[in-house]
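Student: I'd like a close look at how the inside of this protein is packed. Could you walk me through one part of it?

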Amino acid sequence: FLLLDSIGMDYEIEEAQLSDLPDNAVFWKDNYEEQSALCLLLVDSTMENNEAFSENLQDVLQDMRVGYTLVDLAQETVPDFSSYETVILAFQDLDLLGESVITLCNWVQQGGRCMLFCTPNLTASYRYLAPYLGIREGGVSYTAISGLNIKEGLMIGGDGFNFHWGEPLMVSLNVQLNEEAQVYME
């Protein structure tokens, strides 16, 4: 640039184009705010570390262009699941769901997807929900983990991604899954 500038040549820089993407993807990116919220993100603002969990999840959902509805169970009631494809439970005390845990399980059986973002407390609601998550037994003790491996099919571009941290953390429930359970992350 210095050489071209010093000899008096003009240069132009073209603005970046999204021409490599299909037209419908470009439209979708530009109109993200207009996307319907197919994901329900349930949080508990009274939970320690809620802000970090909630903000991280919202950032990921926005980056992945997933429309979502955020509901704080400390201030609001559980909405109807039928309007959503995915429910993310980003809190530990599943008893906050109340009788909606039954509705959630029925919704999952009819094809809905549920993700637990936090290790749940060992409550009555957890024990009720566990079989619907593919847990056959266990879940009464914790085991140390020092990383995770994303398997095929969890998210686009994530196949085989490994993430490890230094000190093992006692944050994973020790469970045995049933034969039909699909494992997307180890």
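Student: How many aromatic pairs does the count come to?

Tutor: Before the count, some ground rules: this is a predicted model, where local features need pLDDT of at least 70, side-chain atom pairs count only at pLDDT 80 or more, and totals for chains, interfaces and linings use all residues. Residues are numbered from 1 along each chain as its sequence is written, and side-chain values use heavy atoms, with hydrogens and water left out.

The count comes to two aromatic pairs. Rings of Phe, Tyr and Trp (its six-membered ring) pair if their centres lie within 6.5 Å; planes under 30 degrees apart are stacked, over 60 edge-to-face, and the rest tilted. Phe81 and Trp107 have ring centres 5.8 Å apart and planes at 35°, so this pair is tilted. Phe81 sits in the loop between β2 (68-72) and β3, while Trp107 belongs to helix α4, so the pair ties together parts 26 residues apart in sequence. (Helices, H or I with at least four residues, and strands, E with at least two, are DSSP runs numbered from the N terminus.) Phe81 counts as buried at 2% relative accessibility, and Trp107 counts as buried at 9%. Buried means under 20% relative accessible area, exposed over 50%, and partly exposed in between, using a 1.4 Å probe and protein chains only.

The other pair is Tyr128 with Tyr132: their ring centres are 5.9 Å apart and their planes at 35°, so it is tilted. Here Tyr128 is partly exposed at 34%, and Tyr132 is partly exposed at 29%.

Now back to Phe81 and the core. A nonpolar core is a set of buried Ala, Val, Leu, Ile, Met, Phe, Trp, Tyr and Cys residues joined through side-chain atoms within 4.5 Å. The largest one has 23 residues, and Phe81 is among those touching the most other members, as are Val87 and Leu104. β1 (39-43), β3 (86-90), α4 (100-109) and α5 (124-129) each supply at least two of its residues, with α4 giving the most, four.

Follow Val87 for the neighbourhood: leaving out residues up to four places away in sequence, its contacts (heavy atoms within 4.5 Å) include Phe81, Leu104, Trp107 and Arg113. Thr86, also in strand β3, is buried with a relative accessible area of 15%.
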